Every structure is written in structure tokens, then in C-alpha cells.
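Work through the exercises below with the sequence and the model open beside you. Try each task before reading its solution.

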2 protein chains.
Amino acid sequence: MPTSTSDAPATGLRERNRIRRTRRVEHAALTLALEHGVDHVTVDMICEASDISPRTYFNYFGTKEGALLGQPAPDPDESLVGDFLAAHGPIVEDLMVLMARTFLASSPDREVFAMRRRLFAQEPELHALQVTRVAHKRQATVALVLRRLTERCPDLDAAAARDHAQLVMSVAMGAFLVVSLKWAEGSGEHSDIETYIHAAIDQIRRIVTP
Amino acid sequence: MPTSTSDAPATGLRERNRIRRTRRVEHAALTLALEHGVDHVTVDMICEASDISPRTYFNYFGTKEGALLGQPAPDPDESLVGDFLAAHGPIVEDLMVLMARTFLASSPDREVFAMRRRLFAQEPELHALQVTRVAHKRQATVALVLRRLTERCPDLDAAAARDHAQLVMSVAMGAFLVVSLKWAEGSGEHSDIETYIHAAIDQIRRIVTP
DNA sequence: ACGCAAAAGTGCAGTGACTGCAATAATGGG
DNA sequence: CCCATTATTGCAGTCACTGCACTTTTGCGT
């Protein structure tokens, strides 16, 4: 019986196996992609290397790139959302910080994390895909922006607010792509990314004024 | 015999056929996509509807979505590039205007153009793909931005200028996605798009300042 | 007009991503 | 320890896409 000399009493054997397997597959996928380049790697190769059936691979990750990008982006943490809604900086900056923290919070595995950074640095298309996939949560995030917007400026036309939120989202995503790539090429320290974000906002301000 | 009561003496029969065929295929593809939704349409369906072999389809368009998105974005016109380099507005705005004009210059066929607009409005993923594909010219466009940048501020660190240009490009692309979608939903008049762009720039300025 | 070389269109066979379905193998609770 | 639930797998099939070899079309010189 699993009588809990262990540290994770809440999770059963099933869950632990699933996590261990996921890690193993991601690791194998990243290793292969770093060695041969993404599009010289087949799903079958990944499966053979990680001792899993192709069918199960797709059950886990859905697409070939799934194992390279990691699990579908998690919903932002409650507290992070609260920070965003309460923050007093430029809205784009605060949103980018939210994106960055959510992203960082989802990669606890150091080694996989580092490999992913290296892969992104050498395969920009994959990185763009990652950003696109984060954007798949676009609807939810736009709603968040809208909420903060209407809380601050209750006297705003609804349609105008919606357009505004869309624009905030798009600009944040565009800038985030550049920032995250730069950060990935550089130190990769968690704290640094917010510095990069702040610098980017400064630049944008200069960009949109003659 | 095609003895030239025609109007285009410079282009041979070959070229004219190619263009006519391209139009026919694009029209068929758009019709099918609008009716059934993009991912319920197969390449074989398009080919059957436009009386072309699948192999030829891929020779023409490369990917399934190729016929929906139209020919790969053309290089910006010389004069438009000149305008961009000489313009005195905020650099992001000028860049977006360049993108818009280049885009508009490439769609002479009214009907196909209108269908594409409708399709983009109802399939956002496709529209994002379009913007991504425009970005495939990213390297060239970034170089353009860099050129204008160094002409204006010769005393700028090279690495900093490169980062700056990347950011300009990303922000412009992000904003352009929103603007073009809004424009597509609205009037679709060529002149209107620059108004939208200008308004977007104003908004961005407000966005990045508390 | 005619024939020939280059270019374009096509058929075919194959690869690889991805899905639905049905059979099989853990797993965890009673 | 058995059984219902859930996860893993094999299999067959669809679809996007590619390389290669073959046929047709076109442009051109004679």
C-alpha cells in the first residue's frame, strides 16, 4: 500500500507515471530536435527513443511539436491575474509581465527548460509557433485586459474598449516575441526578463512618437 | 488564332494562361472554404472544382492554404520603399503604411479580394497565418527599418539598432493584424486603412504610458 | 507551316502527420 | 481479490506534401 512515507500523498501512482513519462518524451524529443533539426525528426523517432507508442504520443501532445513546446500553456495563476489587474504601470508592460510570469511558472524542470531555450534560439519558426499557441488563449487574455480597462475608465464606449483591448494584446504579443527571444539568447535568468520588458516598453514609446 | 486584337502584347500565351488558371483555382478554393470552412476542404476538392491536378496545385501554391492566401507577398514597390525611407512620421506608422500599400498593390482582382476579406473575417487563424507569411519577408523588412534608423541616427550602437529594428517590426506586425482585421470587417475602402493605422498609433502611444 | 527544345502539367508511388475505433493492459476502490 | 474505470496500444485509413519520370503545350527558328 502506498502509505505515504512519500511527499506527494495527493497524487496516485497513475499521475506520477504520467508525469515521468511526459518528461521522458519531452527530453527525447528535444534531444533529437537539437541534434537533427526539427523537421528531420519524425514522431516515430521520438517514440522509439522514449519507448512509447505513436498513438500514445498523440494522446499526450496532440501534434508533433507538442513535445517540443511542452504542455499547452496553463491558465495564469490567480494571484498573477490579481497583480495584473491592480498594477499601475503601462498596461502593455503589465500584460507582458503577466505573460512572462505565467510562462516561467509552467516550466519547473530545469533541464527540459534549458533545452527548450536552446532550441528556440536556433529555430525561430518554432518560437513563433509557441507564441502563437500562447495566443490561443487570446480570447481569455483579451477579456482580462478589457476588465482592467473598464475598471479604470468606466466611461468608455464598449466597442472602442474592445478594439483597444485587441490592440493591447497584439502589441504585447509582438513585443513579447522579441523580448523572449532576446532573453533566451542571453542569460535566461528569471529576473532578467522583466528588465528586458521594461526596456522594450521604453523603446516602443520612442517608436510611436516622431 | 490569337492574333492580337488583345491588349497585352508583352505577355505570352503561357503567362496569360497561368494567370487565368491561378484566378480560377483561387476562386474555387475561396468559394469552397467560405461554404464548408477551411478544414473541411481538401486539396482534392479544390482541384476537382477548378479542373487541375493536385500535383499542379502544389506546384502553384506550395501549401493547401496557398490558394486561400494568394501568391506569396510581392516585394514592396521601389517608390513605396522610397516613401518609407523619406517619411517623417513615427517609424511604426510609416512601416505599417508601407505594409498596407504593398498589400493593397498585390490584389488587383476585385472579386477574389472581397472573398478573401470575408474569409479572413470568419477564420481568424487563417488571417494570423497570412500575417505570419508576410513576416517571412521579415528579414528584408527589418533591414529596411534598420536602414532608415541608421540614416537618421548614425550615432547608434549597431547591436542596439538591430534590436530596435526587430522591435519596430514586431510591434508593426502585431498592430497590423488588428488594423487589417478591423478594416476587413468595415468598409474595405483602400483609403480607410491609413486612417485606421493612424488611430492605432495614437492608441499605442496611450497604451505604453501610464 | 513544321519540327524541336524548353517549360509546364500530370500520374504515381511513397512518406509522414494525424484520427477513430476496437482490443488490451494497468490501476485503484470496494 | 475482483471489477469498473482509465490508459495504452495496434490498425486501418485520410490527407498534406514530395520526388521522379512521363506526356503535353508552347515558343521559336527555319
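**Exercise 1.** Which helix gives the most to the surface near DNA strand C?

*Solution.* Begin with the ground rules: this is a predicted model, in which local features need pLDDT of at least 70 and side-chain atom pairs count only at pLDDT 80 or more, while totals for chains, interfaces and linings use all residues. Residues are numbered from 1 along each chain as its sequence is written, chains are lettered from A and ligands numbered from 1 in the order in which they are written, and side-chain values use heavy atoms, with hydrogens and water left out.

Next, collect the residues near the strand, where near means that one heavy atom of the residue lies within 4 Å of it. There are 20 residues around DNA strand C, and the closest are Arg14(A), Arg55(A), Lys64(A), Thr56(B) and Tyr60(B).

Then assign them to helices, which are DSSP runs (H or I, at least four residues) numbered from the N terminus. At least two residues each come from α1 (13-36) and α3 (54-61) of chain A and from α1 (13-36) and α3 (54-61) of chain B. The answer is α3(B), with four residues.

**Exercise 2.** How many salt bridges are counted between chain B and chain A?

*Solution.* Look for a side-chain nitrogen of Lys or Arg within 4 Å of a carboxyl oxygen of Asp or Glu. The count is two salt bridges, and the side chains of Lys182(B) and Asp163(A) meet in a salt bridge at 3.5 Å, N to O.

**Exercise 3.** What rotation superposes chain B on chain A?

*Solution.* Superpose the copies by least squares on the C-alpha atoms of residues with pLDDT of at least 70 in both. A rotation of 180 degrees, with 0.1 Å of shift along its axis, brings chain B onto chain A with an RMSD of 0.1 Å. The two copies are therefore related as by a two-fold rotation axis.
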